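Please look over the model shown here before reading on.

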Amino acid sequence: MTRKKKPPLQSKRHAVTDDSGWTHITKGPKSTINTQYTKRLLQQQKIRRESLSLEAYSDKFEKYYTPKWRESSCFRSLESILEQDVLSANNTITITRCVCLGLGSPTAGVEVSSWELAALISMLEILGTRHQIKEVIFQDPIFNATDRAFLKDRDYAIVEDPSAFSMIDGTAFLFAPHLEWIHLATALEGASPSLCVCGDIDGFISDDSIAKKTSENVHRVLRDYTDQMTWKAMTDFDGGHNWCFFLCIYWLPGQEGAEDDENMEQRTMTASEELRP
Ligand SMILES: C[S@@+](CC[C@H](N)C(=O)[O-])C[C@H]1O[C@@H](n2cnc3c(N)ncnc32)[C@H](O)[C@@H]1O
């Protein structure tokens, strides 16, 4: 199957790697991107962060993040991609497990992580209508005790780095929003999760300024993965911090005619049942 033509992103997006190797996603023409400015913004975010107790965070997650996410048009757009593309009848993917890498620390006041978690939970619910997702695994070295307790309360598993990498296979849904490219390449080396939410891989590969700072091996792994997949860009989040910026959904395309095969199988069964005495 030929790969779908890349749809345009909503706005000019660039990934900028600063001197410490940290990649930031930012908007605007390349010439205006200033890594010092981005660093200052990150520092300001750090200062404003407020760690919450498990009880206070659980309350905020249920009463603020979850409803606000679910009433957003971004959620409706994601829901439609999942229902009409990923779960469509002729799509042959199977998902048995979800692996989340690099969520960040939601209870330490990192708002993006809370939006991402609310979105991930909604995705699991939608995917659960067609797939038996038996385990949901989180890995992020930054998790604190409250993050762990919050996730465990929801029956999710937390594993220590690097255990999660070996849990990714063809039946996995990999949720890795804004994970550093080097870690994403580790996750995708030797495994092709049938569904993945991560940074815009083609956008990353085609940006020469970043390409020079990452190894050819990282590029090869990421390119090999996108070559097999079909994808759509996430729409901007309209309910607060735009955590969807530069993110894409990748999924294994369905085999043409699989739906017909399924119908044919059902028709054959009905016919053979009719022939039975
Ligand atoms: C750029 S931050 C992204 C955080 C958040 N998802 C976001 O969109 O803002 C990358 C995250 O990856 C985490 N990380 C670093 N190494 C990792 C690893 N080996 N496995 C999982 N997560 C890792 C970092 O702790 C950090 O929280």
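## The open sheet

Seven strands form an open sheet in the order E5-E4-E3-E6-E7-E9-E8, with mixed pairing. Its edge strands are E5 (157–158) and E8 (230–233), each of which pairs on one side only. Strands here are DSSP runs of E with at least two residues and helices are DSSP runs of H or I with at least four, both numbered from the N terminus, and two strands pair if DSSP finds at least two bridges between them. In the protein there are 10 helices and nine strands.

The model is a predicted one, in which local features need pLDDT of at least 70 and side-chain atom pairs count only at pLDDT 80 or more, while totals for chains, interfaces and linings use all residues. Residues are numbered from 1 along each chain as its sequence is written.

Strand E4 (residues 135–139) pairs with E5 in the parallel sense over two bridges, and isoleucine 137 stands opposite alanine 157 in E5. E4 is also joined to E3 in the parallel sense, here over five bridges, with cysteine 100 opposite phenylalanine 138 in E4. E3 in turn pairs with strand E6 (residues 172–175), again parallel, over four bridges, and arginine 97 stands opposite alanine 172 in E6.

E6 and E7 run parallel and are joined by three bridges, with phenylalanine 173 opposite leucine 195 in E7. The chain passes from E6 through helix H6 (residues 181–188) to E7 in a right-handed β-α-β crossover, where right-handed means that, with the strands pointing away from the viewer, the path from the first strand over the helix to the second runs clockwise. A right-handed β-α-β unit is also made by E3, H4 and E4. Between E7 and E9 the direction is antiparallel, with five bridges joining them, and glycine 199 stands opposite leucine 247 in E9.

## Covered strands and the nonpolar core

Strand E3 (residues 97–101) is largely enclosed by the rest of the structure, because five of its five residues are buried; a residue counts as buried if 20 or more other C-beta atoms, placed from the backbone, lie within 10 Å of its own. Both faces of E3 are covered, with Arg97, Val99 and Leu101 buried on one side and Cys98 and Cys100 buried on the other. Strand E7 (residues 195–199) is mostly covered as well, with five of its five residues buried. Across the protein, buried residues make up 30% of the 277 residues.

In soluble globular proteins, nonpolar side chains tend to be buried together. The largest nonpolar core in this model has 61 residues, and those with the most contacts inside it are Leu174, Ala176, Leu184 and Leu222; such a core is a set of buried Ala, Val, Leu, Ile, Met, Phe, Trp, Tyr and Cys residues joined through C-beta atoms within 7 Å. Helix H4 gives the most to this core, with eight residues. Leucine 184, leaving out residues up to four places away in sequence, touches Ala176, Leu179, Cys198 and Leu222, a contact being a pair of residues whose C-beta atoms, placed from the backbone, lie within 7 Å.

Isoleucine 201 is found in helix H7 (residues 201–205), and it counts as buried because it has 23 C-beta neighbours inside 10 Å. Not counting residues up to four places away in sequence, isoleucine 201 touches Leu222 and Thr226. From C-alpha to C-alpha, isoleucine 201 and histidine 219 are 9.0 Å apart in space, although 18 residues apart in sequence.

Tryptophan 243 is found in the loop between E8 and strand E9 (247–251), and is buried, with 23 other C-beta atoms within 10 Å. Its contacts, apart from neighbours within four places in sequence, are with Val112, Trp115, Glu116, Pro177 and Phe237.

Of the 19 residues around the ligand, Gly102, Gly104, Val112, Ile142 and His178 come nearest, a residue being near if its C-beta atom, placed from the backbone, lies within 6 Å. Helix H4 (residues 111–127) gives the most to this shell, with three residues. By class, the shell has nine nonpolar, six polar and four charged residues, where Ala, Val, Leu, Ile, Met, Phe, Trp, Tyr, Cys and Pro count as nonpolar, Asp, Glu, Lys and Arg as charged, and the others, Gly among them, as polar.

Definitions and conventions: A residue is buried if 20 or more other C-beta atoms lie within 10 Å of its own, exposed if 12 or fewer, and partly exposed in between; C-beta atoms are placed from the backbone. Two residues are in contact if their C-beta atoms, placed from the backbone, lie within 7 Å.
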